[in-house]
Number of protein chains: 2
Amino acid sequence: MKRKPSTEATAAWIRLMRVQSRVLDAVEHELKKAGFPPLAWYDALLELSRAPSGELRPVELEKQMLLPQYSTSRLIDRLVDEGLAARRECKADKRGQFVEITDAGRELQKKMWQAYSAAIEKHVGCKLSDADAVKLCSLLDRLGCSCNEAQPIAVRDVASAR
Amino acid sequence: MKRKPSTEATAAWIRLMRVQSRVLDAVEHELKKAGFPPLAWYDALLELSRAPSGELRPVELEKQMLLPQYSTSRLIDRLVDEGLAARRECKADKRGQFVEITDAGRELQKKMWQAYSAAIEKHVGCKLSDADAVKLCSLLDRLGCSCNEAQPIAVRDVASAR
DNA sequence: TCAAGATTGATGCAGCTGCATTTAGTGGGG
DNA sequence: CCCCACTAAATGCAGCTGCATCAATCTTGA
């Protein structure tokens with residue numbers, strides 16, 4: 001008598017929730033301990049630094065980061081307050097704007113990658129062979145692909161970030 | 001020239017973060033759409049309902065749910081406010097208390113499992129064979145086991161929840 | 001027996017999130 | 001040309017989280 005969600009699927013769900021939050025907490029904690037801002041800042045700075053001329057429309061950033069609109073808006077506020085990014089007028093569309101990463105922003109992104117990459121290695125890399133990491137990726141991808149498609153790019157981004 | 005966190009490990013990290021948040025959002029959203037409270041409430045009600053006499057010390061609940069102390073304290077506040085649980089005096093230790101699930105709490109937990117299990121099936125179960133779910137579990141376990149051990153129990157919990 | 005330290009739980013504060021709404025500007029059909 | 005629907009971004013509000021701290025009680029050891 002099969003259950004609707006199989007025992008196996010339910011167990012996978014639980015693991016996914018628990019392990020992710022545990023690993024994320026660990027990594028975030030290490031970044032904070034090293035005096036860095038939250039991971040979302042890094043993600044945003046990385047996206048900006050990868051953009052052709054170091055600038056993006058908020059609406060682009062929003063799509064890249066899979067964040068709600070208001071969340072992006074406030075994240076940009078904070079980056080600008082800290083001098084890591086600057087708002088530029090958008091001549092083509094006066095509703096909009098461009099957000100440009102500053103030198104300080106690029107520098108912080110690079111510095112954070114030092115700590116970030118070390119944390120990934122510590123909490124993920126060293127616990128998994130490369131082959132297992134690939135298996136994990138492909139299993140996870142099967143869960144995500146139903147409602148999204150932009151991930152392959154993002155992965156390349158981070159992997160080549162420094 | 002191997003990078004510190006291998007490309008594969010980094011990709012796995014990204015997938016873990018993205019897929020989890022996507023799947024969690026989807027499931028939480030379905031619960032909310034059906035008029036239910038957040039998942040954390042379910043987890044707490046489940047733990048309480050599984051306890052010998054339907055009651056636990058907050059400090060126990062905290063350990064089961066891997067939540068910070070203040071978070072548990074406030075979660076209990078909300079459950080009590082909604083009549084889903086009640087605070088009971090603890091005679092053995094006057095600093096402490098017991099939290100007991102009410103009939104309404106048990107009922108809500110069961111009703112939520114209907115929607116919750118359907119959501120798990122929809123967002124996890126139907127995208128993964130049982131064999132793949134098992135593989136995913138064991139890969140994830142390798143990431144989590146370094147700083148924790150209480151998961152096998154939790155899995156059994158949910159799997160047998162209804 | 002009693003003071004020092006540990007443990008249980010609550011809470012004030014700041015920051016972040018989600019939701020709904022607002023403001024401003026664009027663009028297309030009549 | 002103008003009105004209306006749509007998109008871009010910001011913001012007020014409520015609720016939740018983390019952090020630090022507090023008060024009450026328990027335990028230990030001299």
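Select chain A and colour it by burial: of its 162 residues, 36% count as buried. A residue is buried if 20 or more other C-beta atoms lie within 10 Å of its own, exposed if 12 or fewer, and partly exposed in between, with C-beta atoms placed from the backbone. This is a predicted model, in which local features need pLDDT of at least 70 and side-chain atom pairs count only at pLDDT 80 or more, while totals for chains, interfaces and linings use all residues. Residues are numbered from 1 along each chain as its sequence is written, and chains are lettered from A and ligands numbered from 1 in the order in which they are written.

**Chain A, end to end**

Switch to a cartoon view of chain A, which has seven helices and three strands. Starting at the N terminus, the order of elements is α-α-β-α-α-β-β-α-α-α. Helices (H or I, at least four residues) and strands (E, at least two) are DSSP runs, numbered from the N terminus. Of the contacts in chain A with a separation of 6 or more, 55% join residues 24 or more positions apart. Two residues are in contact if their C-beta atoms, placed from the backbone, lie within 7 Å.

The mean for chain A is 84, and 87% of its residues reach 70 or more. Strand 3 (residues 97-101) of chain A has the highest confidence, at 93, and helix 7 of chain A the lowest, at a mean of 34. Select residues 146-162 of chain A: the pLDDT there is below 50, and this stretch has 19 contacts in the model beyond near neighbours in sequence. Where pLDDT is low, the predicted coordinates should not be read in detail.

**The two copies**

Show chains A and B together. The same surface serves both copies, since 100% of the contact residues of chain A recur in chain B.

Select the contact: 48 residues from chain A and 49 residues from chain B take part. On the side of chain A that touches chain B, two or more residues each come from helix 1 (7-33), helix 5 (103-123), helix 6 (130-144) and helix 7 (151-159) of chain A. Helix 1 of chain A gives the most to this side, with 17 residues. By class, the side of chain A that touches chain B has 26 nonpolar, ten polar and twelve charged residues. Ala, Val, Leu, Ile, Met, Phe, Trp, Tyr, Cys and Pro count as nonpolar, Asp, Glu, Lys and Arg as charged, and the others, Gly among them, as polar.

Next, select B:Ser6, in the segment before helix 1 (7-33) of chain B. B:Ser6 counts as buried because it has 21 C-beta neighbours inside 10 Å. Not counting residues up to four places away in sequence, B:Ser6 touches A:Gly125, A:Asp130 and A:Ala133.

**The core**

The largest nonpolar core has 76 residues, of which A:Ala12, A:Leu45, B:Ala12 and B:Leu45 touch the most other members. Such a core is a set of buried Ala, Val, Leu, Ile, Met, Phe, Trp, Tyr and Cys residues joined through C-beta atoms within 7 Å. Centre on A:Leu45 and leave aside its neighbours within four places in sequence: its contacts are A:Leu84, A:Ile101, A:Gly105, A:Leu108 and A:Gln109.

**The DNA strands**

Turn to DNA strand D, surrounded by 20 residues, the closest being A:Val59, A:Tyr70, A:Ser73, A:Gly96 and B:Lys94. A residue is near a strand if its C-beta atom, placed from the backbone, lies within 6 Å of it. Helix 4 of chain A supplies the largest share of the surface near DNA strand D, five residues. That surface near DNA strand D has seven nonpolar, five polar and eight charged residues.

Then select DNA strand C. Of the 20 residues around it, A:Lys94, B:Val59, B:Tyr70, B:Ser73 and B:Gly96 come nearest. Here the largest share of the surface near DNA strand C, five residues, comes from helix 4 of chain B.

**Last stop**

Select B:Gln97, in strand 3 (residues 97-101) of chain B. B:Gln97 counts as partly exposed because it has 16 C-beta neighbours inside 10 Å. Apart from neighbours within four places in sequence, B:Gln97 is in contact with B:Pro58, B:Arg87, B:Arg88, B:Glu89 and B:Cys90.

Notes. pLDDT is the predictor's confidence in each residue, from 0 to 100.
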